[in-house]
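The structure is shown first, and the description follows.

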Amino acid sequence: MSQEAAHIQVEMRSDPRYLCGARELVSQVARRVGFDDLGCARLALAVDEALANVIRHGYQSQTDRPIWISIWPLRDDAGEPTGLKVVIEDEAKHVDVEHIKSRDLDDVRPGGLGVHIIREVMDEARYEKRDGRGMRLTLIKYIDASRGGGKAQEDGNA
């Protein structure tokens, strides 16, 4: 994909009260691109989990730190929508991407499943360090489930 500017870019504060707005934004954009109700809900859930992880783990629950959400519709050569790309960036401390893992699913307790949910829902999920400070999570979901099946590709970063 070219380095085309995001079609939508939002800066939000790391306040959990704003997660509902981010979920609604992603869900409604996904609907306009062509995802069905379940696809919209799954995309919104993955973004919500990613943002909650930034707030809780990256910013240690500080409510005044910046988070950027950028959204691109994906299109084929004929211009038809094929999916959605969402990039979430922050200024939190760098994390070794090898240590971004879900907890063991046999460990039954509340919480700790955000990374697992993201990988199950998305076709691609790539964590990387930003230049200087912060992290970047690139999420891609295709409308046609046969193009990825809903499990993030394991490219060493997701």
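R31 is partly exposed, with a relative accessible area of 33%; the classes used here are buried for under 20% relative accessible area, exposed for over 50%, and partly exposed in between (1.4 Å probe, protein chains only). D37 is exposed, at a relative accessible area of 56%. These two residues form a salt bridge in which the closest N and O atoms are 2.5 Å apart, a salt bridge being a side-chain nitrogen of Lys or Arg within 4 Å of a carboxyl oxygen of Asp or Glu.

## Basis of the model

The model is predicted, and local features need pLDDT of at least 70, side-chain atom pairs count only at pLDDT 80 or more, and totals for chains, interfaces and linings use all residues. Residues are numbered from 1 along each chain as its sequence is written, and side-chain values use heavy atoms, with hydrogens and water left out.

## Overall architecture

The chain contains three helices and five strands; helices (H or I, at least four residues) and strands (E, at least two) are DSSP runs, numbered from the N terminus. Read from the N terminus, the order of elements is β-α-α-β-β-α-β-β.

Of the 158 residues in the chain, 46% are buried. Among contacts with a separation of 6 or more, 64% are between residues 24 or more positions apart, where contact means heavy atoms within 4.5 Å.

Helix 2 (residues 37-58) has 22 residues and reaches 30 Å from its first C-alpha to its last, close to the 32 Å expected at 1.5 Å a residue. The expected span is 1.5 Å times one less than the number of residues in the helix.

Two packed helices are described by the angle between their axes and the distance between the axes. For helix 1 (residues 19-33) and helix 2, the angle is about 145° and the axes are 8 Å apart; axes are lines fitted to C-alpha atoms, for helices over the stretch in contact, and angles run from 0 to 180 degrees between N-to-C directions. The crossing of helix 1 and helix 2 is right-handed, a crossing being left-handed if the near helix is turned anticlockwise from the far one by less than a right angle, and right-handed if clockwise. On the helix 1 side the contact includes L19, A22, V26 and A30, and on the helix 2 side it includes C40, L43, V47, L51 and I55. The residues of this contact divide into 11 nonpolar, one polar and four charged. In this division Ala, Val, Leu, Ile, Met, Phe, Trp, Tyr, Cys and Pro count as nonpolar, Asp, Glu, Lys and Arg as charged, and the others, Gly among them, as polar.

## Further salt bridges

Side chains of opposite charge can pair when their charged atoms come close. The count for this model is nine salt bridges. One of them joins K141 and D123, at 3.7 Å from N to O. K141 lies in strand 5 (residues 135-142) and D123 in the loop between helix 3 (114-121) and strand 4 (124-129), so the pair ties together parts that are 18 residues apart in sequence. K141 is buried, with a relative accessible area of 10%, and D123 is buried as well, at 2%.

The side chains of E128 and R126 also meet in a salt bridge, at 3.9 Å from N to O. E128 is partly exposed at 26%, and R126 is partly exposed at 28%. A network of salt bridges links E89, R126, E128, R130 and R136.

I88 is found in strand 3 (residues 81-90) and is buried, with a relative accessible area of 2%. I88 and A50 are 38 residues apart in sequence, yet 7.9 Å apart in space from C-alpha to C-alpha. Leaving aside neighbours within four places in sequence, the contacts of I88 include V47, A50, L51 and V54, together with I67, W68, M135 and L137.

## Positive phi after helix 2

Most residues other than glycine have a negative phi, and most peptide bonds are trans. Q60, which follows helix 2, has a positive phi near 45°. Q60 is placed in the loop between helix 2 and strand 2 (66-75) and is partly exposed, with a relative accessible area of 46%.

S61 lies in the loop between helix 2 and strand 2. The phi of S61 is near 65°, a positive value in a residue other than glycine, and S61 is partly exposed at 47%.
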